[in-house]
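Subject: Structure handover

Hi there,

Here is the structure I promised to pass on to you. Please have a look when you get a chance.

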Amino acid sequence: MLPRLYQLLWRLARPLLRRHRRLGEGFAERLAPPPWPRIHTGHASATPCRLWLHGASGGEAYLIRELALELAARQSSRPKFTLLCTSLTNQGLEILRQAQKDCPADSLELLPAYLPLDEPQIMRRAVRQVFGPQRPASPAVLALLETELWPGLLLACREYDLPTLILNGRLTEKSLRAYYPFRSFLRHLPPRRILASSPADQERFRSLFGSAAPCDLMPNIKFDRIRFEDAPPPVVPGSLIALASVREEEEALLVSCLPELLAQAPECAIALAPRHLHRLEAWEKRLQALNLPYIRAGSLQNLAPPPGQILLWDSFGNLHQVYRQASAVFVGGSLAPLGGQNFLEPLACGLIPCIGPSWQNFAWVGKEIFDLGLVRRINSIEELVPALLRLLHGGENKTLVRQKLEDYLAPRRGGTRMAVEALAEFL
């Protein structure tokens, strides 16, 4: 009864979903019409996939990229196989398309695609188009990154007898409360195995699935994603202050700080990077209303705005270019109760970040990173400008900061290898 009701609700919601800001992108592809998932290759007939990796958006797509590169390295002396990688968002799909270019084509064929709508009939069609009309004789598996419990997809996999895994599993208290009323239904569709990224996440998964799904621990793949590169000589006159991954809910707070920050640090330029690029026009209106000078980053030949200028960052996935040049940084998603954004990336560039009080999305990093002084926390917007000025003039040695981070990361790496070994057990 419940699957039929679920099917009906999705079918009724289609007109609304077609106009949805995110799901409306590539809507026709999300219905999984043939030749999905090979819509972008232009042909339908090809070897069925053996592995399907899915992640919600940009952050999870980067994790998929790590897994794909590791799989490609292990396939160098083995027969080539096909890997489907899906995402819900356009940003995630762009990252997967880049991963397709990064993976050696002679080791695996990576297919990037939007995740179909979770309407059970659509998911049944999608699973059969990915793995073949009948359950293949060769092993195949679906792996979900972090928190992606789609009932229609899980139901289609159970009917197809396709094993599912959850890798780098993360389940917040909020998500657990949302799923908990449906736990009886979900326990009929359990993953074959869960690898959770923290003890707290492990307990929440166990609360949801009970004994139906074995749940073990793994290091978070995000620790493996941190790369250490030599920072180039500064190309900006004076210094650069970065306000990075700013969320919509923080805009009114942060825009009020900009005049004071420019006044207190007249030798600096400010790089302002919204978390979602569709907020760029809203930021331009806010800056124009305050008569603040700004320029879009895409219009510059290099990262060299003059002092007193606001650089509006208008591309996704390359914040490291800002961090390598900056002298002080605030990482958003943390002033409003949003759980925080990635504050490890600036650390890899030797830059101690400042964040707000909300950082539960990154609880897996561990509180010890604050004890080491590698991240600074503020409690309110009133503390932001003084905190940035202290970082700006603190003269922290970037080489020393990076060394402290490397020491912190060393015992926490290895999640990518463990996840690929878990996949290998099923493949």
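Below is what I found in it.

First, the ground rules. This is a predicted model, in which local features need pLDDT of at least 70 and side-chain atom pairs count only at pLDDT 80 or more, while totals for chains, interfaces and linings use all residues. Residues are numbered from 1 along each chain as its sequence is written, and side-chain values use heavy atoms, with hydrogens and water left out.

Overall fold: the protein has 19 helices and 14 strands (DSSP runs numbered from the N terminus, with helices being H or I of at least four residues and strands E of at least two). Its radius of gyration is 23 Å, close to the 22 Å that the globule rule gives for 427 residues, so the protein is as compact as a globular protein of that length (taken over C-alpha atoms; the rule is 2.2 Å times the number of residues to the power 0.38). Buried residues make up 53% of the 427 (buried is under 20% relative accessible area, exposed over 50%, partly exposed in between, with a 1.4 Å probe and protein chains only).

Cores: the largest nonpolar core holds 69 residues, and L258, W283, F343, L344, I369 and L384 have the most contacts inside it (such a core is a set of buried Ala, Val, Leu, Ile, Met, Phe, Trp, Tyr and Cys residues joined through side-chain atoms within 4.5 Å). Helix 17 (residues 384–393) gives the largest share of this core, 7 residues. Apart from this core lies another, of 46 residues, including W10 and I194. Leaving aside neighbours within four places in sequence, L258 is in contact with L243, I270, W283, L287, L292 and I310 (contact means heavy atoms within 4.5 Å).

Helix 17 also contains A387, which is buried at 8% relative accessibility. Beyond its neighbours within four places in sequence, A387 is in contact with C354 and I378.

Backbone points to check: most residues other than glycine have a negative phi, and most peptide bonds are trans. A cis peptide bond joins P34 and P35, with omega about 10 degrees, and the bond from W36 to P37 is cis with omega near 10 degrees. P35 sits in the loop between helix 2 (27–30) and strand 1 (51–55). N168, in strand 5 (residues 164–169), has a positive phi of about 55 degrees and is buried at 0%. N291 has a positive phi near 55 degrees, but N291 is exposed at 68% relative accessibility.

Best wishes
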